[in-house]
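Subject: Structure handover, chain B

Hello,

Here is the structure you were expecting. My notes on it follow below.

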Amino acid sequence: MAKIPIVDYLVIDDGEPYLRAWEAVDTGALYFDRRNGDAKGGGTEFKPRRLADVGKVRSFTIVQRGVPGVPVPYASALVDIDGGGCVKANVVNTPVDPEHVTLGMPVKLTTWVAGTDDDGNEAICFGYEPV
Amino acid sequence: MSASTDNVWILGTHMTKFGRHGDKDLIDLASESATGALTDAGVTIHDMEVMGCGSLFNAMAGVGQQLQKQIGQTGIPVYNVANACATGATAIRTVYLTIKAGEADMGLAVGVEQMGKGGLLGVGGKGDRARTEYKPSGRYGSVMSVEGLVGTGLMPGVFAQAGMEYAYENSGVGFEQFAKVAEKNHAHSTLNPLAHYQKQFSLDEIMNAEMMSYPNTLLMCCPNTDGSAAVVLVSEEKLRTLSKDQQRRAVKISASVLTTDPWTERAQVQPDVNTLTRNAAKKAYEMAGVDPKDLDLVELHDCFATAELIHYDNLMLCEPGGAGEWIDKRGPWRDGETPVNVSGGLISKGHPIGATGIANVYEVATHLRGEAGDRQVEGAKVGLAHVIGLGSACGVHILEKAGV
């Protein structure tokens, strides 16, 4: 059975998991999604870039009322990644309240199994935990 | 006719009461605001040469034509528009630009939405967490719905994160400052009979209400609301031919601006509601020759309390970085330095998406005419109306009381 990343910008092929961005060759702009072009400069050439696994919480919210089927509360954060890039993800492995999830807190990448499909494949999710 | 450099004026405007209108359909609401605006303007549908119609959730329904079939099929062009929460402002601009282009002297812009009890907005993509085969799809190659697993895309959370980002970058901003925004808007709403809710709440009640998405509690979020608003626009040349009373009540559109979000790095993962608002405001102030300090009132897009606070800064109503301090010293209260959302704002008045951008123009224009009743900002001469929709689009209009 395979381990499958929940999104394709999480790379779990071998070694430590990491986030992969597409970097526009002309401008250095970073993207996580499949691109038709660079929204910053208009170029069409991209190269993969491995992002650091540590960063700081730039902003966060704690969702208390969500959508059916999604457990609450959860902490959603914008993380400024050391060395470049910004990503949205959950902050985990700490109490989910504004006393423990704070602006500017240093965090590092972590992963866990988010579910298993009928074929036994595991979906691997990523988030950040306090350093 | 040829392209005009003349000003465009508001000749008439109307809005329905915002609220739950389960006994009416979309066209009932649009008809009420459209005929109300025509009557207010002292003209009829037969005087209209163009119509702009905005209804986000009915973008493919030909709402403008449906409306014509109830209030007058005169064969004029209709532009049905959808532009997120800037839909109403976009409808105004289609009429404004048509008049500016010299294709019409008079036109009608209508915005309408029936939201019902729509629940939380903002979750897209895969909704089935229980799918049995994990197969990457979409531009992010996701194998399941990521809401709650990879952050949030729900609106209370998205705008909470926008506010908290401001708190990260600036001092003196926290839960209490955001809550004070809602305290103000709920207090203001008690004077507006057209608001969905007209109930005052204490700061404690607001901060201790059900937490939706920290720091936005339930009383810091706009409700889902039904409603419609409309405006009749006229060229200056045509206005000069109308009655003295129509000229006296007309309100000048000194700036009409629409922007989208330019590239910014972090906007790839969190909508940047700031840059396009700042760009629109800067352009509007230049176009109108107005300084932010000249404004007598502002209706801005407070879909959530966290949003309003950051727009104080984006619209340059406070010192750079000083939004927290400004709400602390009651700058945006109706008796403060620059009254903001004296209508009660989206938080109390409601947010029928297609109507919102026209309703805030209605509010500003009504004050400039001196016809706002109990909530009148005395002596108001110039005001600004702002909306922003995620995706993103921002509309800013600056209106002035002026002689023709």
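One definition before the findings: a residue counts as buried if 20 or more other C-beta atoms lie within 10 Å of its own. Bear in mind that this is a predicted model.

Start with strand E2 (residues 51-54) of chain B. By that definition, both of its faces are covered. Met51(B) and Cys53(B) are buried on one side. Gly52(B) and Gly54(B) are buried on the other.

What does E2(B) pair with? One partner is strand E3 (residues 78-81) of chain B, in the parallel sense, over 4 bridges. Within that pairing, Gly54(B) faces Val81(B) of E3(B). The chain gets from E2(B) to E3(B) by way of helix H2 (residues 63-71) of chain B. This β-α-β crossover is right-handed. Another partner is strand E4 (residues 106-113) of chain B, again parallel and joined by 4 bridges. Here Gly52(B) sits opposite Ala109(B) in E4(B).

Now the whole sheet. It is open, has 9 strands and shows mixed pairing. The order in chain B is E3-E2-E4-E7-E1-E8-E11-E10-E9. E3 and strand E9 (297-299) of chain B are the edges, each pairing on one side only. On average, neighbouring strands are turned by 25° against each other, direction ignored.

An antiparallel pair sits inside that order. Strand E1 (residues 8-15) of chain B and strand E7 (residues 227-235) of chain B run antiparallel, with 7 bridges between them. Val8(B) stands opposite Ser235(B) in E7(B).

Two helices lie across strands of chain B. Helix H3 (residues 87-100) of chain B lies across E1, E2, E3, E4, E7, strand E8 (251-260), strand E10 (382-389) and strand E11 (393-400). H3(B) runs at about 170° to E4(B). Helix H9 (residues 275-288) of chain B lies across E8, E10 and E11, at about 150° to E8(B).

Last, a helix pair. Helix H1 (residues 26-41) of chain B meets H2(B), with axes that come within 9 Å and cross at roughly 70°. Angles of 65 to 115 degrees count as roughly perpendicular, so H1(B) is roughly perpendicular to H2(B). The crossing is right-handed. On the H1(B) side, the contact is made by Leu26(B), Ile27(B), Ala30(B), Ser31(B), Ala34(B) and Thr35(B). On the H2(B) side, Val63(B), Gln66(B), Leu67(B), Gln70(B) and Ile71(B) take part.

Best wishes

Note on methods: Residues numbered from 1 in each chain as written. Chains lettered and ligands numbered in written order. Predicted model: local features only at pLDDT ≥ 70, side-chain atom pairs only at ≥ 80, totals over all residues. Buried ≥ 20, exposed ≤ 12 C-beta atoms within 10 Å, placed from the backbone. Pairing = 2+ DSSP bridges. Right-handed = clockwise from strand over helix to strand, strands pointing away. Axes fitted to C-alpha atoms, helices over the stretch in contact; angles between N-to-C directions. Parallel < 35°, antiparallel > 145°, perpendicular 65-115°, else oblique. Left-handed = near helix turned anticlockwise from the far one by under 90°. Contact = placed C-beta atoms within 7 Å.
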